[in-house]
Amino acid sequence: MDTATPAVTVALHDGEAVVASSSQVDARRHGELLLPAVDRVLAEAGLKLDAVTGIVVGVGPGPYTGLRVGLVTAAAFASALGVPVHGLCTLDGLAYASGIDEPFAVATDARRKEVYWARYEDSRTRVTDASVDRPADIAEQLAGLPVVGAGALLYPEAFPDARGPEHQSAAALAGLAAEKLAVGGDGFLDPLPMYLRRPDAQVPKNYKVVTPK
């Protein structure tokens, strides 16, 4: 599952292929949409939650509220089922889904006229850490490279070779995880949020204390 972008996306993978998947794009309803999506995917596969033997979750980067929904849900399921939970960078899922086998980049919408981004050698190999920057500030670094994702499509002046997929897919994330598990399970991240900047919500300055001393 992944809720680090506007896509609320869930998939079930049997180690060989995706059995069922669901994706809805809604940047404001992650909490409402995720659990029904899990139910829908399990029902489509004709399985119950206790059939799950492991959980993969996108750890971001992404906005605070949406990102936490997926991570907390993954942790709760893992605890209830007694199964492992594996973290993957959300950008890696988009890179894997692209299928590109030459150098490229992935960029998602970070709001505030910025993008979350990273460079890749191919669809399975990230060569930089995830970062957050204004498109104009990284356009020269990425000149001549295809750039995948919603962030690229939002800023065509900075990323003229913008490509799909636009949104994250749990099916792709699960496929990448299955490949990693098949060769020993290396390359996973702790299932903790990848925050690259401070939250939008801030405690007001000159906050007035109203509790009695």
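Colleague: Which residues line the largest cavity?

Modeller: First, a caution: this is a predicted model. The lining is made up of Thr 5, Pro 6, Leu 94, Thr 108, Asp 109, Ala 150, Glu 166, His 167 and Gln 168.

Colleague: How do those lining residues split by class?

Modeller: Four are polar, three are nonpolar and two are charged.

Colleague: How much space lies in the largest cavity?

Modeller: About 50 Å³.

Colleague: And how many cavities of 30 Å³ or more does the rule count?

Modeller: The count is one.

Colleague: Switching topic. How is the protein divided into domains?

Modeller: Domain 1 takes 7-90 plus 167-183. Domain 2 covers 100-163.

Colleague: How far apart do their C-alpha centres lie?

Modeller: The centres of domain 1 and domain 2 are 24 Å apart.

Colleague: How many residues are in contact between them?

Modeller: Six from domain 1 and five from domain 2.

Colleague: What area is buried between the two domains?

Modeller: About 660 Å². Carbon and sulfur atoms give 59% of that area.

Colleague: Which three residues of domain 1 supply more of its buried area than any other three?

Modeller: Pro 61, Pro 63 and Cys 89. Together they supply 53% of what domain 1 buries against domain 2.

Colleague: What about charges? How many salt bridges are there between the domains?

Modeller: One salt bridge is counted between domain 1 and domain 2.

Colleague: Which residue forms a salt bridge with Arg 124?

Modeller: Glu 179 does, and the closest N and O atoms are 2.8 Å apart.

Colleague: What classes of residue are on the side of domain 1 that touches domain 2?

Modeller: That side has four nonpolar residues, one polar and one charged.

How values were computed: Residues are numbered from 1 along each chain as its sequence is written. This is a predicted model: local features need pLDDT of at least 70, side-chain atom pairs count only at pLDDT 80 or more; totals for chains, interfaces and linings use all residues. Side-chain values use heavy atoms; hydrogens and water are left out. Domain bounds come from an automatic or database domain assignment. Contact means heavy atoms within 4.5 Å. Buried area is the accessible area (1.4 Å probe) that two parts lose on being put together, summed over both. A salt bridge is a side-chain nitrogen of Lys or Arg within 4 Å of a carboxyl oxygen of Asp or Glu. Ala, Val, Leu, Ile, Met, Phe, Trp, Tyr, Cys and Pro count as nonpolar, Asp, Glu, Lys and Arg as charged, and the others, Gly among them, as polar. On a 1 Å grid over the protein atoms alone, a cavity is a set of points where a 1.4 Å probe fits but cannot get out, and a pocket is an open set with protein on both sides within 12 Å along at least five of seven lines; lining residues have an atom within 4 Å of a point. Grid points are joined across faces, edges and corners, and a volume is the space filled by probe spheres set on the points.
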